[in-house]
Amino acid sequence: MHTIVVGAGIAGVSTAYELALRGAEVTLIDQREGAGLGTSYANGGQLSACEVAPWAGPEVPGLVLKWLGRDDAPFRLRPKMDPEQWLWLMRFLMRCRASARRERIAPNLELALLTRARLAAYEEEFAKAGMILDYGRKDRGILRIFRDAHEFDEAAREAEPIAKMGVGQTKLTPAQCIDLEPALAPAMQRGDIAGGLYAASDGSGDAHLYSVALAEGAKRLGVRFLTEVDVRRLVVEGARVKGVETAAGLVEGDAVVLAAGTGTQALLRPLGHRSYIYPVKGYSVTLPAPEGNAPEVSITDEARKIVVSRLGDRLRAAGQAEVGGYDLTLEEARARSVMDALESLFPQMGPARGGAEYWCGLRPMTPDGSPVLGAVPQFSNLYVNSGHGTLGWTLGAGSGAAVADMVCGSTSQLDLRPFSIRRFQ
Ligand SMILES: Cc1cc2nc3c(=O)[nH]c(=O)nc-3n(C[C@H](O)[C@H](O)[C@H](O)COP(=O)(O)OP(=O)(O)OC[C@H]3O[C@@H](n4cnc5c(N)ncnc54)[C@H](O)[C@@H]3O)c2cc1C
């Protein structure tokens with residue numbers, strides 16, 4: 001069976017690799033020059049099973065109003081004359097309830113745990129073939145720090161159900177946070193840390209390196225990888241997708257998986273389907289990490305709204321959310337505000353500022369914070385693996401495995417019903 005996978009970000013390469021492991025013939029297509037050059041290029045690096053709750057929650061509408069009009073606000077809304085944006089926003093606001101947030105935790109967590117297992121399996125696979133799957137993985141855990149004592153207590157309470165499902169987070173005093181990550185000492189001295197929640201079993205890694213390495217691994221298993229090929233539309237024959245139309249002609253396949261991130265919606269729309277995937281822009285900064293002075297443990301700073309990950313000899317900080325369409329212009333003020341937040345948390349990183357690389361990317365977000373996985377109704381051979389939003393790295397490999405199972409007709413390792421596109425219809 002020949003399967004076409006559109007998109008070679010975390011989601012697409014994981015799907016292609018998983019399909020190849022199951023013996024399928026696969027063509028992976030991307031409009032860019034290589035793998036992992038879209039949103040998977042420079043994300044926050046966190047593999048964060050401890051933080052799988054969706055962004056939509058009861059506190060969000062108030063925060064949006066508070067930040068309205070501020071250029072450096074962590075969240076910004078840029079209204080467009082675009083019905084897709086308004087429909088997305090309406091659905092997002094409808095999800096800003098505690099019960100709606102709770103409902104998504106269990107399925108997302110299962111997917112995150114499957115991702116952990118698949119990443120470990122890929123490393124073994126590579127080792128068997130005499131190769132190393134190297135993406136700068138660090139298993140030093142994730143520490144969430146809080147400035148506000150009330151927010152800290154609240155977060156600790158919210159972490160309890162996640163702990164019951166297998167990802168425990170230890171409550172730490174400010175002094176214990178410093179014992180764990182001495183690079184936080186300046187922040188503690190300023191009184192910036194009321195407490196921390198530490199998920200020892202989480203970690204971090206470079207999603208771009210992963211995408212490139214796994215695409216190479218997929219090619220070794222026989223996957224054909226077409227780069228700089230733009231998929232213009234899906235070619236449909238009755239209830240089947242015959243293939244994809246590209247500038248170089250029609251590529252035919254027995255099944256098609258859409259893993260095109262924020263490009264997924266444009267391919268689905270002409271077929272009369274809405275995925276409710278909409279772009280939410282974020283920024284990152286990557287800079288050289290001075291030996292012995294930069295953090296090793298991945299950090300989520302809940303007050304500054306940034307995540308920080310050590311990627312080999314570099315440090316990356318990421319944050320910001322802007323609902324403003326598909327524009328990928330890098331706005332200096334917003335990029336710098338991520339750097340400023342990083343420097344205020346780790347003043348010792350100030351001198352490295354000159355070597356900072358700024359980047360922005362579009363998170364493919366659904367309103368409810370879970371990806372869209374599985375079959376598209378009315379078509380017998382069309383599947384989606386997209387819409388991972390803030391969690392594509394945390395959920396990507398597991399999504400690839402679950403969708404590959406479905407395409408191949410194997411018993412899935414995961415109940416895909418909570419991720420079905422039907423939930424929006
Ligand atoms: C600032 C920021 C920080 C983040 N931090 C984290 C984090 O710490 N942890 C985490 O888990 N997640 C994080 N994320 C989210 C994560 O990066 C994304 O969810 C993930 O990269 C999405 O992967 P993807 O493969 O779905 O999309 P992409 O990586 O965008 O891949 C889609 C691919 O499809 C291709 N494509 C699109 N349309 C077409 C077409 N018509 N024809 C051919 N090719 C096409 C694109 O070129 C692209 O390569 C972050 C995101 C941002 C922006």
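With which residue does arginine 101 form a salt bridge, and how far apart are the closest N and O atoms? In this predicted model, the partner is glutamate 59, and the closest N and O atoms are 2.8 Å apart. Arginine 101 belongs to helix H4, whereas glutamate 59 sits in the loop between strand S3 (46–47) and helix H2 (60–67), so the pair ties together parts that are 42 residues apart in sequence. Arginine 101 is buried, at a relative accessible area of 11%, while glutamate 59 is partly exposed, at 39%.

The structure holds 34 salt bridges. One of these joins the side chains of arginine 147 and aspartate 192, with an N to O distance of 3.8 Å. Arginine 147 is found in the loop between strand S5 (142–146) and helix H5 (149–164), and aspartate 192 in the loop between helix H7 (185–189) and strand S7 (195–199); the pair therefore ties together parts that are 45 residues apart in sequence. Here arginine 147 is partly exposed, at 42%, and aspartate 192 is buried, at 12%.

The largest nonpolar core comprises 55 residues, of which Val5, Val13, Leu28, Tyr122, Tyr210 and Leu214 touch the most other members. Helix H4 provides the largest share of this core, eight residues. Because domain 1 (2–41 + 208–275 + 369–424) and domain 2 (51–98 + 137–202 + 278–365) both give residues to this core, it lies between them. Apart from this core lies another, of 32 residues, including Leu184, Ile306, Ala341 and Leu345.

Key. Residues are numbered from 1 along each chain as its sequence is written. This is a predicted model: local features need pLDDT of at least 70, side-chain atom pairs count only at pLDDT 80 or more; totals for chains, interfaces and linings use all residues. Side-chain values use heavy atoms; hydrogens and water are left out. A nonpolar core is a set of buried Ala, Val, Leu, Ile, Met, Phe, Trp, Tyr and Cys residues joined through side-chain atoms within 4.5 Å. Buried means under 20% relative accessible area, exposed over 50%, partly exposed in between (1.4 Å probe, protein chains only). Helices (H or I, at least four residues) and strands (E, at least two) are DSSP runs, numbered from the N terminus. Domain bounds come from an automatic or database domain assignment. A salt bridge is a side-chain nitrogen of Lys or Arg within 4 Å of a carboxyl oxygen of Asp or Glu.
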